[in-house]
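Me: I would like to go through this structure and ask what lies behind the labels.

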Amino acid sequence: MHLLLLSSVSLPSFKRFFFRFFFLLLVEIFFVNNPCKENSSVNIEMAGGIISSSGDSKKEFEGKITSYVVICGIIAATGGLMFGYDVGISGGVSAMDDFLEKFFPEVYVKKQRAKENNYCKYDNQNLQLFTSSLYLAALVASFFASYSCTRFGRKRTMQAASVFFLTGVVLDAAAVNIVMLIIGRIFLGMGVGFGNQAVPLFLSEIAPVKTRGALNILFQLNVTIGILIANLVNYFTSDIHPWGWRLSLGLAGIPAAILCFGSLIITETPTSLVERSKTDRGLATLKKIRGVDNVDAEFAEIVDACESAKLVKHPYRELMRRSSRPPLVIAILLQIFQQFTGINAIMFYAPVLFQTMGFHNDASLLSAVITGIVNVFSTSVSIILVDRVGRKMLLLEACVQMLISQTIIGILLQVYLKSNNDLQRGIAIAVVTLVCVYVMSFAWSWGPLGWLIPSETFPVETRTAGFSFAVSSNMLFTFLIAQAFLSMLCHMRAAIFFFFAAWIVVMGLFTVFLIPETKGVPIDEMAERVWKKHWYWKRYMDQKEDLEQRAS
């Protein structure tokens, strides 16, 4: 649909549209969202509203980054390592002949045909189900994980995630038929659903305000490290016949075991303890993770938030209130947009995608390793910048970089990759380079911030319920992309990159107008300092109207 709309636009109007789009991005970056103007006040009229940036008096809490917080963060973030390893391992295993011959013989036969269509050689719904079934299970599991986080705490939920994941690893590594393989994937999905629900919340709640973004991005950094490790494992196990694929799948148990045993030594978050009426332990834990005794102001804010939360008996019903819409809408749309950048299509199927472009098996796996290395280092950039330049600037810069790289990739493949030829060496190198440029921009923006922003913007009374919507939305659209990508590649060919590029334009406009900056704002002050001051979302924060809704 997007391609049809774009094709109906005349070239001059198309150029004017992109000029205006990039102009808005530049205005937003350099004037509205300039981090060097903390105390300035800027008002720019856009789309019938006012975007305002003004200096606020910021409440400062005492505390420092302690070694204990770092250890807790690293251990908890191995939940991201589990997720990332699975994302990376699926595509490599799907390209292994021994695996295909055992479980998907029709794909194996199609792959061996010399004249097979480049774009369609892997188009098989069952093969896509092998990858996507995990995310469907994670979608359902995320709602149970929300209850678990509230009832039993973030720590216990992470432990449950590791047990589910280990069960899935055993079933998949020992699989003798497609049913056993898919059941194993379902258990892996339950582990991912529980882990992705608990870990970002845990990291946001133990982190000091000034470094909340950096500590939370440890989750996404571990996702990228997991993808890289998986690509390296696939590169070496592809030559181990006939059981190399079993080794690839079985090694997923290592990060799950680290989380399972490591979670025995980490603390529960102060918010979760107070939420479950363990106030004294909550205060002691807060002092421990902050490294100071004077935590009264921060603890009082946590207690107030949890007392308000106890008045809410039905958090999912509370999410339907008018005042809950801003964080809920942004949390869901961030996950949808994250998937429609096309990132997981590339990460799931990187070896398959590079084979489609004419790379041989080892070369395609090596290219996937290169993109994995870029992914890790670029996510590290986000850790350094997110609490300095802010969330919004990273999102906007990435939109420009992803749009340019996706468009050029689409043009190169449209011109040079036909149904039955290989790409010329120079063009192939250019495509891999552009994929790296694209992955780079995603890795320091929409990847980590898609998890960070939802984890820090919900009030405590709807935090676990709201974040479960974020996780389930992510898993739903990850499932759809994973299930459909190879078929889309077969039918749309190179135009699939234009499809994702069109979505990036939508994402950029959404960021400009509707995503507020949350850098440096205490997690329990988002309503007062973010939503009530945003040019658009403030209309949803009418307390009188919200109280009337609750009374009814």
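Reply: Buried means under 20% relative accessible area, exposed means over 50%, and partly exposed lies in between, with a 1.4 Å probe and protein chains only. Of the 552 residues of the protein chain, 60% count as buried. This is a predicted model, in which local features need pLDDT of at least 70 and side-chain atom pairs count only at pLDDT 80 or more, while totals for chains, interfaces and linings use all residues. Residues are numbered from 1 along each chain as its sequence is written, and side-chain values use heavy atoms, with hydrogens and water left out.

Me: Why is Ser 263 called buried?

Reply: Ser 263 has a relative accessible area of 0%. The limit is under 20%, so Ser 263 is buried.

Me: What is Ser 263 in contact with, leaving aside its neighbours within four places in sequence?

Reply: Contact means heavy atoms within 4.5 Å. On that basis Ser 263 is in contact with Ile 75, Lys 155, Gln 159 and Ile 258.

Me: What makes a set of residues a nonpolar core?

Reply: The members are buried Ala, Val, Leu, Ile, Met, Phe, Trp, Tyr and Cys residues joined through side-chain atoms within 4.5 Å. The largest such core has 143 residues, of which Phe 99, Trp 446 and Met 475 touch the most other members. Helix H24 (residues 463-492) gives the most to this core, with 12 residues. Helices here are DSSP runs of H or I with at least four residues, numbered from the N terminus.

Me: Which residues does Phe 99 touch, not counting those up to four places away in sequence?

Reply: Phe 99 touches Val 93, Ser 94, Phe 104, Phe 130, Leu 181 and Trp 245.

Definitions and conventions:
Helix = DSSP H or I, 4+ residues; strand = E, 2+ residues; numbered from the N terminus.
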